[in-house]
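The structure follows, and the explanation comes after it.

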Amino acid sequence: MKRALRMSYLVAGVAGIGFFVMSVLLLGVWPGRVLEQQIRGMSPDHPLRLTASEQRGRTIYAREGCAYCHTQQVRYVPNDVARFGAASLAWETIFDYPHLWGTRRIGPDLSREGAVRSADWQLSHLYSPRGLVADSVMPAFPWLFDGAPDRPRQEAQDLLAYLETLGRNRALAGPEGEARARAACNCSDDEKQLAFGSPALNASPSIARGQGGYPKLSESGDPNRGQQLYSSNCAGCHGLRGEGDGPGAAGLHPRPANLSEHDYTLDRLGSSLWNGSAGTAMPAWRDLPIEDLSALAQVVRGFHQAQPEPALPQDVLDLGSRVYAAHCAQCHGENGAGDGSAAGQFPIAPTNFRAQRPSLAASLRALRNGVEGTPMAPWTSQLSEAELSAAAYFVRGFFQGGN
Ligand code: HEC
Ligand code: HEC
Ligand code: HEC
């Protein structure tokens with residue numbers, strides 16, 4: 001009897017310790033090793049480490065509590081993949097310590113934020129999110145600035161540098177990296193599909209810019225809906241009357257376009273809205289349905305009041321044509337289509353005058369002052385007054401009417 005009792009203590013003791021050891025091995029050590037193997041198999045050999053500035057930016061990101069509202073983890077679910085791109089792999093954050101994956105998504109996921117927005121957009125947004133996104137609940141971080149969105153302190157620059165690194169390693173791993181990760185992935189077909197099946201690593205519209213054309217907008221659109229969309233999405237930058245003077249405009253270079261001073265073809269508006277404007281803060285609006293984009297296009301066109309056009313004598317036109325061929329065609333293209341031989345060199349495309357016509361005043365202003373924040377320089381030191389106004393007039397003649 002006594003002996004049996006002693007045995008049961010022993011059995012219980014051994015079993016207790018045994019189960020404890022087993023659970024540590026099964027739940028702690030084993031998954032850790034699988035993950036480690038997976039990371040080793042999938043990750044590129046030399047992922048980039050953060051520079052000193054990017055590292056400081058990361059510390060500021062943690063300090064300001066950005067991770068309370070933003071995740072850095074695209075989950076294995078179709079909606080995430082559709083919105084943000086391929087699901088996150090474990091190796092992407094191997095150097096993150098402590099990690100900043102976040103658990104709540106009050107704002108969008110940021111794991112692929114690098115290169116999605118222009119620097120002036122990011123800084124203006126940090127300075128005052130509601131200037132650019134009317135209904136944003138993101139707090140402003142003005143203490144990272146010297147009183148204006150285009151006067152960032154070191155801290156804002158570091159934070160921006162860090163935001164630009166998000167998604168960088170995965171993008172740098174390239175197609176070879178994706179193939180290698182796919183081969184090493186010890187996962188189900190469904191997971192594989194979500195992790196590697198989507199054609200886009202980064203599904204942001206500005207990254208996909210220009211791929212596969214843009215939709216054709218229709219001439220009709222609900223004006224009330226258009227107005228409402230315009231005031232909540234566009235007025236912050238372009239201003240309530242489309243004059244390019246919204247509260248968010250001050251820190252942007254180039255400034256938001258003055259819509260009231262332009263005629264646009266419907267095609268031009270389709271491509272602007274669908275793709276945004278490369279190299280500027282103008283976002284792509286692909287999450288809006290085509291009817292909404294058409295309604296917006298009507299609002300944009302409504303800002304412009306047609307002015308009586310002065311008819312200029314032929315010799316002025318000839319002068320304009322000569323000036324244009326000598327100084328402007330290399331960027332704006334022989335036929336004004338914005339496709340001159342030098343056009344490809346610039347992050348911001350030269351204006352396509354066939355698709356948009358600035359008012360005479362706006363055209364002259366662009367020639368006199370240049371377009372700040374773009375490669376369009378002032379021409380006052382190179383052209384006479386007569387040449388300036390002739391060229392300003394001449395470029396308006398390329399416009400291809402109202403479609
Ligand atoms: C209270 C929650 C909250 C906090 C804290 C917060 N954000 Fe946001 N953030 C949002 C929301 C909501 C949006 C979406 C609306 C908008 O664009 O302003 C957003 C949008 C963004 C975007 C735009 C993403 C895109 O491309 O559309 C970036 C970048 C961003 N936040 C960075 C930050 C950084 C950096 C911090 C910390 C300094 C931060 N956020 C803190 C809520 C927050
Ligand atoms: C974050 C600020 C911002 C927001 C929001 C914004 N835009 Fe823009 N938009 C710009 C900037 C900057 C440009 C580029 C100006 C340039 O290229 O000189 C631009 C360019 C354009 C153009 C091209 C015209 C041209 O002359 O270059 C159109 C059309 C346009 N925006 C319409 C809209 C509409 C409609 C909305 C709302 C759905 C909108 N924008 C929202 C900043 C913004
Ligand atoms: C180095 C290339 C380059 C050259 C050369 C150049 N431009 Fe431009 N031009 C641009 C760019 C880039 C823009 C700005 C596009 C934007 O704001 O999105 C621009 C804008 C303009 C605009 C304003 C368009 C608008 O819709 O508001 C006018 C007008 C213009 N250019 C006329 C000329 C004329 C006339 C010449 C020759 C005297 C000339 N440009 C030479 C690149 C160039």
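This is a predicted model: local features need pLDDT of at least 70, side-chain atom pairs count only at pLDDT 80 or more; totals for chains, interfaces and linings use all residues.

Residues are numbered from 1 along each chain as its sequence is written, chains are lettered from A and ligands numbered from 1 in the order in which they are written, and side-chain values use heavy atoms, with hydrogens and water left out.

The iron atom of ligand 1 has H70 (NE2) and M138 (SD) as its protein donors, at 1.9 to 2.1 Å; donors are N, O and S atoms within 2.8 Å of the metal (3.2 Å for Na, K and Ca). Angles of 87 to 178° among the six donor atoms make this site octahedral, a label for six donors with opposite ones over 155 degrees apart and all others between 65 and 115. H70 lies in the loop between α2 (52-63) and α3 (78-84) and M138 in the loop between α5 (129-132) and α6 (154-165), so the pair ties together parts 68 residues apart in sequence. Helices are DSSP runs (H or I, at least four residues), numbered from the N terminus. H70 is buried at 11% relative accessible area, whereas M138 is partly exposed at 21%; buried means under 20%, exposed over 50%, and partly exposed in between (1.4 Å probe, protein chains only).

Because H332 lies in helix α13 (residues 314-332) and M376 in the loop between α14 (360-369) and α15 (385-394), the pair ties together parts that are 44 residues apart in sequence.

Definitions and conventions. Helices (H or I, at least four residues) and strands (E, at least two) are DSSP runs, numbered from the N terminus. Four donors count as tetrahedral if all angles lie between 85 and 135 degrees; four count as square planar and six as octahedral if opposite donors are over 155 degrees apart and all others between 65 and 115; anything else is irregular.
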